[in-house]
Every structure is written in C-alpha cells, then in structure tokens.
Amino acid sequence: MKLYEVKALAHETQSRIRQDLNAWNDFLEHASRVYRYRFMDQILIYAQRPDAVACATMNIWNSKMGCWIKKGNRGIALIDESNSRKLKYVWDVASVVPKMGGHLPRLWIVEYENYCKHTRVEEIMDFAKKINAKKIGIATCVGLLKESRILADILRRHGFEVYGVGCKAGTQKKTSVGIPECCEGVGVNMCNPILQAKLLNKAKTDL
C-alpha cells in the first residue's frame with residue numbers, strides 16, 4: 001500500500017466507527033487484543049486485519065519468537081511514528097509459523113490448560129507466571145475500590161507486587177473538556193484511563 005492510501009484508510013475507518021455503534025464495539029473488542037499499540041495503529045490493524053490477536057514486526061517474530069512469516073502473507077501497513085512519511089509493517093500471529101526452537105505467544109495456553117476449571121483471577125496469575133511478570137497493575141473504577149483491594153490482596157498473597165490507579169486520577173473536571181454540566185450528577189471529575197495507563201507504565205508494571 002502507498003502512504004496516501006494508508007492515511008485515507010485510517011480516516012475512513014475512524015469515520016465509520018464513529019457513526020456505527022456496532023463497528024465501534026467491534027473496534028473496542030479488537031483494540032483490547034492489540035492494546036500495546038497506539039490508537040492510530042489499532043485503527044489501521046483493525047481496518048486491515050480485524051481478527052488480529054498478536055502483532056509484531058518481522059524482526060521480533062524472527063529474532064525473539066523464532067518464527068518465520070508464512071510465504072505470501074502481506075504485512076499490516078502502519079504509519080511510522082518516528083517518520084510520518086514512511087510506512088512500517090507488522091504481522092499477526094496467524095501469519096507466522098515457528099521454526100526449530102521457536103514458539104508462538106502464550107495467549108491461549110492458560111485458558112486451554114484449565115478451561116472451566118480456573119477463575120479469571122487464577123488465569124491472570126497463571127499467565128503472569130508464564131510471562132515472568134512480577135509487578136501487576138490494576139486500573140480500577142473508584143466505585144470498585146473494595147473489589148480492587150480484595151484482588152490486590154489475593155495477588156500479594158501469591159507473591160506479586162501490586163500497583164493500583166483509580167479512574168479519577170488527575171481530577172480533571174468534566175466541563176473542562178466540553179462535557180455538559182448536567183453530567184456532573186454522578187460526579188464532577190471525569191475518568192482518565194489514559195493517565196491511568198501512563199501511571200502504570202511509569203510504575204513499570206509488567207502486566
């Protein structure tokens with residue numbers, strides 16, 4: 001694809017998901033699988049490969065995962081964040097095959113091993129151990145602080161370090177971003193998931 005085609009695709013996709021609730025819900029489900037990518041990358045991955053679950057560059061697949069790109073599989077075109085006039089490419093896990101000694105991401109192993117046997121909390125701990133995550137971050141709603149504290153206590157009792165951030169972090173007033181005053185009936189401050197994510201990254205959480 002040409003750069004102008006990729007930019008047009010991004011604009012078209014954003015317009016479509018803004019106008020169609022079903023498309024927006026589909027995108028959110030998709031974005032939860034490629035959450036490590038910035039918003040514009042998520043948009044472009046969704047536009048080209050809505051069923052993608054684990055994307056990486058050819059270098060990461062080859063050198064870190066020990067996988068080859070399957071012959072004939074085209075990469076997903078993204079705009080290079082270091083140079084907006086260039087494209088970069090990633091491939092979904094469905095487009096690769098492990099070579100000798102290589103392995104696929106451990107995305108599905110945890111659920112498969114204990115399907116309908118473990119709770120989601122147990123699955124989180126199992127997954128954390130498989131990827132050697134020691135510090136787990138919890139981005140919580142302030143309305144669920146009691147439940148978050150229970151979760152944090154369970155994680156700590158199993159040897160994990162826990163760092164939590166409430167959704168009202170930064171105390172940004174709703175009216176400051178154009179939200180009508182009538183919406184303050186359930187609180188004057190808006191939720192701030194972006195700041196939650198930044199604080200969890202700053203705290204160097206592994207998961």
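## Salt bridges

A search of the whole predicted model finds six salt bridges, a salt bridge being a side-chain nitrogen of Lys or Arg within 4 Å of a carboxyl oxygen of Asp or Glu. One of them joins D41 to R38, with the closest N and O atoms 3.4 Å apart. D41 is buried, with a relative accessible area of 2%, whereas R38 is partly exposed at 33%; here buried means under 20% relative accessible area, exposed over 50%, and partly exposed in between, with a 1.4 Å probe and protein chains only.

Another salt bridge links R120 and E123, whose closest N and O atoms are 2.5 Å apart. Both residues lie in helix α6, three residues apart, which is about one turn of the helix. R120 is exposed, with a relative accessible area of 57%, but E123 is buried, at 11%. K135 and E161 also form a salt bridge, the closest N and O atoms being 3.7 Å apart. Because K135 lies in strand β6 and E161 in strand β7, this pair ties together parts that are 26 residues apart in sequence. K135 counts as buried at 16% relative accessibility, and E161 as partly exposed at 47%.

## Basis of the model

This is a predicted model, in which local features need pLDDT of at least 70 and side-chain atom pairs count only at pLDDT 80 or more, while totals for chains, interfaces and linings use all residues. Residues are numbered from 1 along each chain as its sequence is written, and side-chain values use heavy atoms, with hydrogens and water left out.

## Overall architecture

The protein has eight helices and seven strands, where helices (H or I, at least four residues) and strands (E, at least two) are DSSP runs numbered from the N terminus. The C-alpha atoms fill a box of roughly 55 × 45 × 30 Å, taken along the principal axes. Of the 207 residues, 31% count as buried.

The accessible surface comes to about 13500 Å², of which 55% belongs to carbon and sulfur atoms; accessible areas come from the Shrake-Rupley method with a 1.4 Å probe, and for residues only the protein chains shown count as cover. Among contacts (heavy atoms within 4.5 Å) between residues at least 6 apart in sequence, 62% join residues at least 24 apart.

## The largest nonpolar core

A nonpolar core is a set of buried Ala, Val, Leu, Ile, Met, Phe, Trp, Tyr and Cys residues joined through side-chain atoms within 4.5 Å. The largest such core has 20 residues, of which Y37, L44, I45, C55 and L78 touch the most other members. The elements that give two or more residues to this core are α1 (3-19), α2 (21-31), α3 (39-48) and β3 (76-79).

With residues up to four places away in sequence not counted, I45 touches H30, Y37, P50, A52, C55, I76 and L78. Two of these neighbours, C55 and L78, are themselves among the core residues that touch the most other members.

## Cysteines without disulfides

A disulfide is a covalent bond between the sulfur atoms of two cysteines. The structure holds zero disulfides, the cut-off being a pair of cysteine sulfur atoms within 2.5 Å. The sulfur of C55 is 13 Å from the closest cysteine sulfur, in C67, and is therefore too far for a bond; C55 is also buried, at 13% relative accessibility. For C141, the closest cysteine sulfur belongs to C167 and lies 4.4 Å away, which is again too far for a bond. C141 counts as partly exposed, with a relative accessibility of 36%.

The buried residues of α6 are E123, M125 and A128. Just after this helix, N132 takes a positive phi of about 60°. I131 lies in the loop between α6 (120-130) and β6 (135-140), and is partly exposed, with a relative accessible area of 35%.

I131 also belongs to a nonpolar surface patch of about 340 Å², made together with Y35, I124 and L207. Patches are made of residues with over 30% relative accessible area and no salt bridge, like charges being joined within 9 Å and nonpolar side chains (Val, Leu, Ile, Met, Phe, Trp, Tyr) within 5 Å.

## The loop holding S176

S176 is placed in the loop between β7 (161-166) and α8 (193-202), and counts as partly exposed at 44% relative accessibility. The C-alpha atoms of S176 and M190, which are 14 residues apart along the chain, are separated by 9.4 Å.
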